[in-house]
2 protein chains.
Amino acid sequence: MKKMIALAFTAASLMANSLVEDAQNAGLKAIPESPTALLKLIDNPKNPITKAKVELGKKLYFDPRLSKSGLISCNTCHNLSKGGDDGMQAAIGHKWTANPHHLSSPTVYNAVFNDKQFWDGRSPDLEDQAQGPIQAAPEMAATQEHVVAVVTSMPAYVKEFQKAYGEDVKITFKKVADTIGLFERTLVTPAPFDAFMNGDKNAMTKEQKEGLKTFIQVGCASCHNGVGIGGAMGAMNVTAKYKYMNVGDFKGDKNGMVKVPTLRNVTETAPYFHNGMEPTLQDAIKEMARIQLGTKLSEKQVKSIEAFLGALDGKKPYMKVPMLPATNDKTPKPVVK
Amino acid sequence: MKKMIALAFTAASLMANSLVEDAQNAGLKAIPESPTALLKLIDNPKNPITKAKVELGKKLYFDPRLSKSGLISCNTCHNLSKGGDDGMQAAIGHKWTANPHHLSSPTVYNAVFNDKQFWDGRSPDLEDQAQGPIQAAPEMAATQEHVVAVVTSMPAYVKEFQKAYGEDVKITFKKVADTIGLFERTLVTPAPFDAFMNGDKNAMTKEQKEGLKTFIQVGCASCHNGVGIGGAMGAMNVTAKYKYMNVGDFKGDKNGMVKVPTLRNVTETAPYFHNGMEPTLQDAIKEMARIQLGTKLSEKQVKSIEAFLGALDGKKPYMKVPMLPATNDKTPKPVVK
């Protein structure tokens with residue numbers, strides 16, 4: 001009996017090992033457990049992560065005064081309480097304007113693992129990306145001058161910039177965006193999948209392990225791979241006949257390539273696809289298999305993949321609600337029109 | 001020499017004591033230091049504060065899905081990162097609608113000390129108040145059914161309600177609002193003024209103590225009193241000729257009475273007055289003295305009162321950014337139109 005149990009354990013262990021290898025061979029990667037290895041993966045060599053910069057970046061991320069109206073912060077559309085996005089089909093911004101291309105806000109969690117930023121990959125990193133929505137008329141609608149004027153009007157912000165970057169720091173729009181981007185780099189959510197890949201055989205349930213196998217066998221990992229389980233540019237068929245009508249005029253980049261979204265925390269980021277037209281995860285799985293892989297999945301396969309995706313629900317960083325410096329007479333007034 | 005210092009100390013102490021007494025006689029009250037005394041002051045006897053209820057209330061407070069659009073939470077207009085309000089003249093809500101009466105969102109911090117809620121005092125407490133903005137068309141624009149459907153669609157929320165109120169809890173709109181109101185009761189911010197009143201003679205600076213004297217002498221405390229340093233209904237002259245034009249059609253309650261706003265954290269809650277038309281604190285002090293007290297204050301008096309108001313900047317409760325349950329297929333979809 002003892003021997004049988006021991007054999008069973010060995011077999012389970014071998015199976016798990018081989019599944020880890022299969023996942024590795026399919027290009028799936030774990031978030032490293034070692035803080036040093038993780039830091040190396042997420043850090044910005046040109047502007048290394050420090051506690052002072054990240055704390056400041058967090059405040060800026062939550063500060064609606066960076067927007068023209070004083071009402072919209074980064075956190076409005078990339079809500080850290082809600083899986084890092086807004087749950088909308090198309091983002092809503094300044095003056096209640098929907099995204100003109102009917103694009104859905106992607107999650108900011110683990111966005112550091114994306115090869116490029118924005119759905120069309122036009123931005124190389126989070127620092128560059130952060131400059132976009134702040135200035136976009138249908139989003140935060142601010143000018144660079146507005147942002148600098150808001151931040152420099154408050155002595156507490158100026159002090160924090162000095163603490164983060166030295167006494168002689170020049171507070172520019174780029175510096176603000178760089179600091180927000182740096183904070184965003186820290187928004188990493190290790191999940192049961194990572195623990196499993198890093199050696200804890202019991203971190204995923206039996207169903208989740210089966211789902212991982214299905215995920216690999218069906219071919220999902222051909223696009224959804226890397227540490228982000230997505231994040232590279234891929235040849236998504238944006239003009240294919242979706243179950244839901246093609247909504248919006250988005251056609252990807254000049255080569256028709258579209259950023260493959262991360263699947264981390266995907267159970268929290270409905271509705272799905274670049275235009276947010278798919279409300280349920282099961283249907284999203286089916287549609288992607290049909291359009292991208294030319295495969296009709298069985299209900300069992302769909303549920304199996306869904307089970308695995310649950311193993312990508314990650315632990316969010318512990319974060320205190322930031323207290324922002326007070327507006328004063330020099331702070332530009334909100335303009336809602 | 002020793003004797004002289006001792007004498008000086010005694011004199012300072014006597015002066016401080018007499019100032020505390022003057023403040024008490026003027027009706028100013030401190031937030032109690034004793035947790036038991038504080039709890040007694042803020043608790044709801046009909047629905048006593050517990051950790052489970054407050055944690056749940058915090059989530060609901062931060063959850064934009066309670067609104068029709070899925071974009072606006074209590075925290076949008078009563079932003080806990082920004083002194084507990086939105087920094088707008090008139091609140092902006094669903095479909096970017098400005099408050100039709102041009103009313104400015106009051107701070108939620110220390111709102112528990114208000115005798116009544118809303119600018120016209122039409123609501124007896126925070127639990128009742130919380131029902132208003134959720135349903136108001138220009139604010140969160142939700143129906144009671146929407147709110148209940150959202151909350152009950154998510155098993156994690158249902159579990160938290162059961163944990164807070166027992167297994168057989170009935171999740172009604174009133175229960176949701178009651179829980180939000182209960183969370184809001186805990187948003188109390190003890191300040192140097194309170195420490196001073198509670199016996200720490202050095203908690204306020206010399207300028208702040210002078211300011212407190214001026215505040216009392218000039219008559220500010222005739223309306224701004226109690227623990228909230230405001231919060232009762234008062235006979236504000238809403239039709240008086242303000243330095244800034246009378247904006248909006250607000251005339252107070254049926255007796256022309258208006259809620260006196262708390263002065264706690266007032267340095268963080270510009271712009272001022274019920275219609276948000278006064279951008280600076282110094283001008284707000286001058287205008288109130290002119291209109292309410294018939295007094296023209298000297299620059300010195302204005303600055304002195306302003307210094308005292310700084311002693312009402314309180315310590316905000318330590319709060320973790322809440323992580324909300326994930327939307328699922330049963331959760332009502334956002335409607336932005």
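How far apart do the C-alpha centres of domain 1 of chain A and domain 2 of chain A lie? The two centres are 27 Å apart. The points below concern a predicted model.

1. Domain division of chain A. Domain 1 is made up of two stretches, 17-33 and 190-310, while domain 2 covers 47-185. Across the boundary, 27 residues of domain 1 of chain A are in contact with 25 residues of domain 2 of chain A. On the domain 1 side, the touching residues comprise eleven nonpolar, eleven polar and five charged.

2. Contact between the chains. Chain B contributes 32 residues that are in contact with 32 residues of chain A. The chain B side of this contact consists of 17 nonpolar, seven polar and eight charged residues.

3. The largest nonpolar core. This core has 46 residues, and those with the most contacts inside it are Leu66(B), Val147(B), Val176(B) and Ile180(B). Several helices of chain B, namely α3, α5 (126-135), α6 (144-153), α7 (155-165) and α8 (173-185), each supply at least two of its residues. The helix that gives the most is α8(B), with six residues. As general background, nonpolar side chains in soluble globular proteins tend to be buried together.

4. Val176(B) and the second core. With neighbours within four places in sequence left aside, Val176(B) is in contact with Leu60(B), Val147(B) and Val151(B). There is also a second, separate core of 45 residues, which includes Leu56(A), Leu66(A), Val176(A) and Phe183(A).

5. Ile72(B). Where in chain B is Ile72(B) found? Its place is the loop between α3 (51-62) and α4 (74-77). Ile72(B) counts as buried because it has 24 C-beta neighbours inside 10 Å, and the cut-off for that class is 20 or more. When residues up to four places away in sequence are not counted, Ile72(B) touches Pro64(B), Ser67(B), Gly93(B), His94(B) and Met140(B). A further pairing concerns Glu139(B): its C-alpha atom and that of Ile72(B) are separated by 8.0 Å, although the two residues are 67 residues apart along the chain.

6. Cis peptide bonds. In chain A, the bond from Ala270(A) to Pro271(A) is cis, with omega near -5°. Pro271(A) sits in the loop between β4 (258-259) and α11 (281-293) of chain A. In chain B, a cis peptide bond joins Ala270(B) and Pro271(B), and omega is about -5°. Pro271(B) is found in the loop between β4 (258-259) and α11 (281-292) of chain B.

7. Phe273(B). The loop between β4 and α11 of chain B also holds Phe273(B). This residue has a phi near 80°, a positive value in a residue other than glycine. Is Phe273(B) buried or exposed? Phe273(B) counts as buried, since 22 C-beta neighbours lie inside 10 Å.

8. Lys95(A). A positive phi, near 55°, is likewise found in Lys95(A), a residue other than glycine. Lys95(A) belongs to the loop between β1 (92-93) and β2 (97-98) of chain A. With 15 other C-beta atoms within 10 Å, Lys95(A) is partly exposed; that class applies because the count falls between the limit for exposed residues, 12 or fewer, and the limit for buried residues, 20 or more.

How values were computed
Residues numbered from 1 in each chain as written. Chains lettered and ligands numbered in written order. Predicted model: local features only at pLDDT ≥ 70, side-chain atom pairs only at ≥ 80, totals over all residues. Domains from an automatic or database assignment. Contact = placed C-beta atoms within 7 Å. Nonpolar A, V, L, I, M, F, W, Y, C, P; charged D, E, K, R; others polar. Helix = DSSP H or I, 4+ residues; strand = E, 2+ residues; numbered from the N terminus. Core = buried A, V, L, I, M, F, W, Y, C linked by C-beta atoms within 7 Å.
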